[in-house]
Each structure stands twice: as structure tokens, then as C-alpha cells.
Amino acid sequence: MTRVTITDVARAVGTSKKTISRVLNNDPNVSASMRQSVLAAISELNYRPLTSARSLATNRSFMIGLLYDNRSPSYIMEVQAGVLEACEAQHYSMMVQPLVSTAADFVERVEDILSRQRPDGLILTPPLTDHPQLLDCLHRNGVPFASIAPRHPEGCIGVMLREREAAAAMVEHLVSLGHRRIAHILGDPEHGAGVWRLAGYRDGLERAGLKEDPAYMVQGRFSFESGVAAMRQLLALPLRPTAVFAGDDDMAVGAIWAAAEAGVSIPRDISICGFDDTTIATQVWPPLTTVHQPVREMGRRATQELLLRVLNKGEARMVEVDYKMRIRASTAPIS
């Protein structure tokens with residue numbers, strides 16, 4: 001089967017290869033009618049541009065790299081889906097690279113990736129968003145990047161959520177159900193999310209006139225396993241909490257698992273809620289009350305902002321998305 005070339009598309013439209021290339025690269029200096037004709041011909045002929053040819057012509061790789069060091073597979077899968085959606089809309093490919101930010105050779109590994117893969121830009125997820133040596137490396141090498149929920153957003157482009165406000169709203173929900181002994185399974189302190197959600201938990205307690213109890217604040221790591229361990233610790237207390245707000249859905253599901261292990265009924269004996277509203281939130285029983293963080297949209301929006309900068313098509317910025325409360329069966333009025 002003969003491969004359709006850019007020359008074939010240009011011939012079908014009756015224009016030049018340069019015009020076809022401009023449409024493929026979303027050049028604004030193309031009329032709407034010409035763009036429509038070119039896209040129709042591309043679809044009809046099933047034309048697929050060679051990335052290698054585009055790279056030679058533009059000195060770009062047409063690839064965006066997603067870097068992560070995150071223990072929540074459900075979170076990362078949602079981010080990936082959003083990044084890929086935005087990449088495909090601009091005829092870009094996506095590279096996904098897991099990393100260990102605490103490794104001694106972490107920055108060297110990133111530099112090797114930049115050298116070998118030559119991505120046009122990077123999407124950073126927490127905690128990489130605030131890794132000082134990584135950020136210095138990217139600035140030094142002139143690599144554009146966008147950050148998802150950076151702890152220090154000043155001067156960054158990407159996307160954020162009002163996480164502290166959302167966490168406080170979740171505590172207020174538990175208070176409205178009559179709960180007063182409310183525990184919190186903390187997220188990773190290296191993540192901005194862990195810091196903001198703890199602050200929101202404290203805000204919620206303060207607004208309800210409730211005092212903090214250190215015994216009800218147990219460290220987790222944004223993982224199922226840490227949620228199990230934290231819940232076992234809470235269940236061993238002489239005076240158990242009546243509600244647990246976990247810093248993410250994976251830890252909340254771990255808490256539900258540990259409760260079931262101990263013969264504790266959810267929500268009859270203890271209410272449990274999480275944060276993120278990833279797929280697992282509706283796959284567990286009972287379905288999880290949680291804060292809906294539009295993770296896929298955040299991945300997409302961060303990539304869109306990055307591509308604005310990479311392609312010089314507008315002013316890239318730090319955008320803010322809204323959260324929603326998802327009240328499900330894992331929380332109930334205190335019995």
C-alpha cells in the first residue's frame with residue numbers, strides 16, 4: 001500500500017506543501033476556508049505526517065514528556081489521559097517517564113532523558129513540581145515545562161486547584177453529619193497537596209470549634225499501603241475517631257480495607273472520605289465520598305498551556321480549575 005504524502009494532500013487541495021505544513025502546525029496565518037479544505041483532504045486521504053520529517057523541518061521533536069514520582073497509579077493514569085488528549089490535538093506524541101526523585105542520580109537521569117529524547121517540553125507532577133535541583137536543571141537547559149499543582153506556583157505555568165478550601169469543605173461535611181472526632185490521614189509532606197490538605201483539615205476543625213488531636217493526625221504517603229497502616233493505627237486508639245478524612249482516594253480505600261479487616265462497618269461505625277475522585281472511588285464498596293479533582297482536565301490544561309509556550313501561540317499562564325464534592329455511601333450521620 002503506497003503511503004500518502006504531503007505532496008498528495010497539496011495536489012488534492014490545489015495548494016502548496018508549505019500551506020499544508022502550516023495547517024498541520026496550527027499556524028494562525030491560514031484562512032478558515034483553506035484550513036477546512038486541508039483538514040478535509042487529510043481525513044479523506046488518511047494522511048499521517050512523518051514525525052521525523054516534521055522534526056527536520058522545524059527543529060522540534062513534536063513530543064511532550066510527562067515526568068512523575070507518584071505512588072498513586074489511579075492519579076497518574078488520569079493525568080496521562082489528559083496530557084495525551086492535549087498532545088493529540090496538536091499532533092504531538094507523549095513520553096511517560098517514572099522517576100525516583102530521592103535517587104542520588106535523579107537529575108543526571110533527567111538530563112540523559114533530555115539528551116536522548118529531546119522533548120519539546122515537560123509536564124511535571126508533584127513532588128517533581130517543587131524539586132529545586134530539577135527546576136534548576138530545566139532552567140539551565142532552557143527546557144519549557146508546565147507544573148500540575150506546584151507548591152510554589154510563582155512564575156510557573158500549568159494548573160492548580162483550591163485544595164485547602166476543598167479539604168476544609170470536606171471536614172465541614174463531616175461536621176454537618178454530627179462528627180466531632182475527625183481524624184486525618186496525611187499525604188506526603190513533600191507534595192504541595194499534602195501540605196494544603198492538612199491545612200484545610202485544620203481550617204475545617206477551627207471553623208467548627210474543634211481542637212486538634214495529634215493522635216488523630218497520622219502520616220500517610222498517598223498510597224493504598226500507607227492508608228492501611230494509618231487506619232490500623234487509628235483503630236488501635238482507646239477512643240476511636242468516628243470519621244476519617246484521608247488525603248487521597250488510595251489512602252481512603254486502604255482505610256476501608258483496614259476497617260473491613262478489623263470488622264468495622266463503613267459508614268455505620270466510622271465514616272471515611274478521600275480526595276481526588278479517581279476511578280477507584282466508585283469501584284470500592286461502599287462508594288467513596290471524596291473531593292472531585294478534575295485530574296484528567298488538569299493534565300490536559302497543563303499541556304495546553306505548555307504547548308502555547310512551545311509553539312509561541314499565546315501567553316501561557318497558571319490556570320485554576322474548580323473542585324466539586326462527591327457525597328457517596330462511605331459517609332453517614334454519626335450513629
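Modeller: W257 counts as partly exposed, at 43% relative accessibility; the label covers values between buried, under 20% relative accessible area, and exposed, over 50%, with a 1.4 Å probe and protein chains only. This is a predicted model, in which local features need pLDDT of at least 70 and side-chain atom pairs count only at pLDDT 80 or more, while totals for chains, interfaces and linings use all residues. Residues are numbered from 1 along each chain as its sequence is written, and side-chain values use heavy atoms, with hydrogens and water left out.

Colleague: With which residue does W257 form an aromatic pair, and of what kind?

Modeller: Rings of Phe, Tyr and Trp (its six-membered ring) pair if their centres lie within 6.5 Å; planes under 30 degrees apart are stacked, over 60 edge-to-face, and the rest tilted. W257 pairs edge-to-face with F224, at 6.4 Å centre to centre and 75° between the planes. F224 lies in helix 10 (residues 224-235) and W257 in helix 11 (residues 249-261), so the pair ties together parts 33 residues apart in sequence. Helices (H or I, at least four residues) and strands (E, at least two) are DSSP runs, numbered from the N terminus. F224 is partly exposed, with a relative accessible area of 31%.

Colleague: How many aromatic pairs does the structure hold?

Modeller: There are two. F62 and Y92 form a tilted pair, 5.3 Å centre to centre with 55° between the planes. F62 sits in the loop between helix 4 (51-58) and strand 1 (63-68), and Y92 in the loop between helix 5 (73-89) and strand 2 (93-98). Both F62 and Y92 are buried.

Colleague: Which residues have the most contacts inside the largest nonpolar core?

Modeller: A nonpolar core is a set of buried Ala, Val, Leu, Ile, Met, Phe, Trp, Tyr and Cys residues joined through side-chain atoms within 4.5 Å. The largest has 76 residues, and those with the most contacts inside it include I123, I182 and F245. A second, separate core of 18 residues includes L67, F106, L122 and L124.
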